[in-house]
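Visitor: I'm new to this one. Can you walk me through it?
Guide: Happy to. Here it is.
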Amino acid sequence: MEIPKTLIEKLKSAKSIIFFTGAGISAESGIETFRGKGGLWNKMSAQELASFDGFMKNPDLVWEWYQYRRKIVRETNPNAGHKTIADFEKHFDEVTVVTQNVDNLHKRAGSSSILELHGNIERNYCMDCKTFYGVEKFLESEEVPKCEKCGGMIRPDVVWFGEVLPQDIFAEAERKAAESDICFIVGTSAVVYPAAYIPIAAKRGGSVLVEINIEPTEITNQTDYSIKGKSGEVLPEIFKMLKEIT
Ligand code: OAD
Ligand code: ZN
């Protein structure tokens, strides 16, 4: 793994950093990614399991799948990648995590400013009255639970294919990206829009784009630096080099 010295110099003078993260950052925690080798969407149907129509067609199946994923998430822990991102807050005025992940691992690693573009698997809400419920509430439910207030169907608070992203969060992410000095793009295939506009917004705003991924992606040729490697190894190395010169 080769970390360019010029990147460390740029980091030294940077004030505002944004991390745009995807499933790859949680891979070393043991959570499968969606695409690429061993990816979930190679063996499971996104249409069936992660779309509104899929849920309406077979709510209990989709519910069961999310309960299963929640169990996996609960049994895993943040890895060195998540932890290093949280550590960046000690060195910079402003660090924002914009994540496509729903696994809550950035929060558990200690990051304080997180914008979740695709929701959070550890929350549910009622489709009718929009009451929110924490994940513990229906931990044991094997079928779609009913809302205590109105009897409506409960669903996970995640963004499914074909659904609109939370607009206020997306707008805030775009703004932070455009204002950032450096934008790290970590563990994402950068093919799912509108999320993948975030690094583009950063670039338009003059930010330096730094990709960390084990393989090239759709965005690689637009980045200023592309570092090949695992995020749980590359990020701690960058942080170490940064500390050595500051
Ligand atoms: P993907 O599964 O599409 O991409 C994961 C990326 O992580 C790939 O580019 C891998 O090369 C890379 N990767 C794997 N292990 C890594 C490691 N240890 N270190 C660094 N990189 C690694 O995941 P996303 O880009 O997050 O949407 O997918 C975007 C969206 O598609 C998800 O949020 C989800 C999915 O369907 C919704 O649920 C709406
Ligand atoms: Zn309700």
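Predicted model: local features only at pLDDT ≥ 70, side-chain atom pairs only at ≥ 80, totals over all residues.

Visitor: At what angle do α1 and α11 cross?
Guide: At roughly 65 degrees. Helix α1 is residues 5–13 and helix α11 is residues 231–245. Their axes come within 10 Å. Helices here are DSSP runs (H or I, at least four residues), and strands are runs of E, at least two. Axes are lines fitted to C-alpha atoms, over the stretch in contact for helices, with angles from 0 to 180 degrees between N-to-C directions.

Visitor: Which residues meet there?
Guide: L7, I8, L11 and K12 in α1 meet I238, M241, L242 and I245 in α11. Contact means heavy atoms within 4.5 Å.

Visitor: Switching to F184. Is it buried or exposed?
Guide: F184 counts as buried because its relative accessibility is 0%. Buried means under 20% relative accessible area, exposed over 50%, partly exposed in between (1.4 Å probe, protein chains only).

Visitor: Where is F184, and what is it in contact with?
Guide: F184 is in strand β7. Beyond its neighbours within four places in sequence, its contacts include L11, F88, V210 and I238.

Visitor: And T84, buried or exposed?
Guide: T84 is buried, because its relative accessibility is 6%. T84 is in helix α7, residues 80–87. Leaving out neighbours within four places in sequence, T84 contacts L235, P236 and F239.

Visitor: Which residues of α10 are buried?
Guide: I198, P199, I200, A201 and A202, in a helix spanning residues 197–204. The cover over them includes β1 (16–21), β2 (94–99), α9 (167–179), β7 (182–186) and β8 (208–213).

Visitor: What comes after α10?
Guide: G206 follows, with a positive phi near 95 degrees.

Visitor: Now ligand 1. Which residues come nearest?
Guide: F34, R35, T188, S189 and N213, out of 24 residues around ligand 1. A residue is near if one of its heavy atoms lies within 4 Å.

Visitor: Which polar side-chain atom lies 2.9 Å from a nitrogen atom of ligand 1?
Guide: One of E28. A backbone N or O atom of A23 lies 2.8 Å from a ligand 1 oxygen atom.

Key: Residues numbered from 1 in each chain as written. Chains lettered and ligands numbered in written order. Heavy atoms only, no water. Polar contact = N/O pair within 3.5 Å; in protein donor to acceptor, adjacent residues only side chain to side chain.
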